[in-house]
Amino acid sequence: MAFEASRPRLLPHTDPVAAPVLAPGHLDALWFQVTGTLCNLRCAHCFLSCAPENEAFGLLSVEEIRPRLEESVPLGVREYYFTGGEPFLHPRIVEILSLALSYGPTTVLTNGTLLRPRHVEPLAAAAAASPWSLEFRLSLDGFDADSNDPLRGAGSFERAMDGFELLLRHGFLPIVTIVRTWDPDAEPAVYERFVAELAARGCTRPRIKTMPALRIGCEAERIGGYRDYERVTNEMLEEYDLDQLVCAHSRVVTDRGIWVCPILLDAPDGDLGDDLGEAAAAPYALAHGACHTCWMHGAICANPGAAAPEIGARAIEVAIGAIESTASAGGSA
Amino acid sequence: MRLSARRVALFGGVYANHLALAATLEDAARAGVDEAVCLGDLGAFGPHPDRSCEIVRKAGIPVVQGNYDHSLGHDLPDCRCGYTDPRDNAFAMLSYRYTYQHTDRAHREWMRDLPAEIRIQMPGRDVLLCHGSPRRTNEFLWESACSDAFLAWLLDTCGAETLCVTHTGLPWSRELPGRRQVVNVGAIGRPANDGDPRVVYAILTADEEGGPPSVEWRRVDYEHRALAAEMRAEALPEEFVDTIETGWWTTCLEVLPMKERARGKY
């Protein structure tokens, strides 16, 4: 099979307690830590502890980004993601996203609070002129100020919703991403509240991605970090679809070099050097607590539709009763 | 499996729409094709899934295994489209359960052994047919979510000059450097989310100079009101019927990229 060589695989191991080592598959997604760890907000659960003064990682210049896009072409990269920090703190973000859109599908992850017509108008024009989608992923943690602002800061909900509405008015369909900070039993009700809130803002095509909390950075201080036993083992990867792991098909360009995934920026072993081709092929030990979350939930960083689970892989059974009740309550589209 | 042809009809995503399937095969015969090939997913959404199986098996149409066929054939609990949105997932499960329960065991066993890919030798070039992508049966190749670099890499790796897929249900084609091309043939089981109840398939005709085959998009008018009546009689969700009647998708929308989603009504 021609594609076997491009599939992720585990390196052989002899030490049963050592972390599994993953040799990555094809580089599907190239991420850019475009504003490093600099953010205008100071979210209480940020796994990178991004903040206005966090300069652990800095801004990427257009001159640093352009050659990485060029290098990605012979590697056959499928799509590009831009994150931070808050990407719209970058003074040249419009130019950067427009440039990426000339190479392929582009996604930007934003808190929405800094979006202005001077960003959204030219980006709408760039997206219309490109054969590829420009996806906005807008982070929220609650469906109103009372539930959102304790985590993301006073006033952040209304400012984010202003950004959301601005995007809608320019023809974008933002994907709202929400970190799961509620009781799992409450999920259907929380989801319905989000749909209702977005509808009240004029959104008839709700796109919502819920994501697990990553208990590193600020979140570790808020609710506690990973226990020692929350680690990926070789046994856990038997019959597991390795493509569900972000590091199996993604790498991140930062101002300090290429990193293994968008989550482990604070991990010293996440630094894979400066050569994109070598970094894309570099094996990585799944030694972190966050790797356990990635393993458990799968495809946590990808857009919906970009990473369906392997057709032959073990199914995670969903409660049948819950499914049927949701269907009957779903109503018309 | 390896075929050779000069003019070939390619269709995917039958979704148990046996009336559209019969109309498609009639249209292809009238258009004078040498072969007609199904790119997978015989069941989903529609009524009486056995009827579509019987039509393709009786006609001897080669079929690539789709993710639905794979799941039904292996008694898996779902279709493996990977929905995470609760509403989409609920409808996907309703569709899958109905289809599983109404597909005869003999058809399911036949689906289990369908090939993951079929190659067609057209004059001067190799054409590879698969369901989602050549590396993964359930990978969506959306027009607005695949860079040229990625499509070129797929072609390099599978060693074909033309790659034809379905799975997304939306037709598109793109030519790539080196006279290569990728074609998504769309689906005949549900309309293309553009307000037109007709369904779409492709006829590829060889280029005598060995260039990319020409792609002719065929819109098939069929008795969609009769299908809607059958679906209601089977108590399938009104959302599925609505799509057949109006041409707009109402469910399984989560996986669409922005450009494709924005073109639809929902």
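**Confidence and fold of the predicted chain A model**

The mean pLDDT of chain A is 91. A value of 70 or more is reached by 92% of its residues.

The model is predicted: local features need pLDDT of at least 70, side-chain atom pairs count only at pLDDT 80 or more, and totals for chains, interfaces and linings use all residues. Residues are numbered from 1 along each chain as its sequence is written, while chains are lettered from A and ligands numbered from 1 in the order in which they are written.

Chain A has 333 residues and a radius of gyration of 20 Å, which agrees with the value near 20 Å for a compact globule. The radius is taken over C-alpha atoms, and the globule rule is 2.2 Å times the number of residues to the power 0.38.

Chain A holds ten helices and eleven strands. These are DSSP runs numbered from the N terminus (helices H or I, at least four residues; strands E, at least two). Eight strands of chain A form an open sheet with mixed pairing, ordered β8-β7-β6-β5-β4-β3-β9-β10. Strands pair if DSSP finds at least two bridges between them. The edge strands of chain A, β8 (208-211) and β10 (257-259), each pair on one side only. Strand β9 (residues 250-254) of chain A pairs with β10(A) in the antiparallel sense, over three bridges. A:V253 has A:I258 in β10(A) as its bridge partner.

Notes
pLDDT = per-residue confidence, 0-100.
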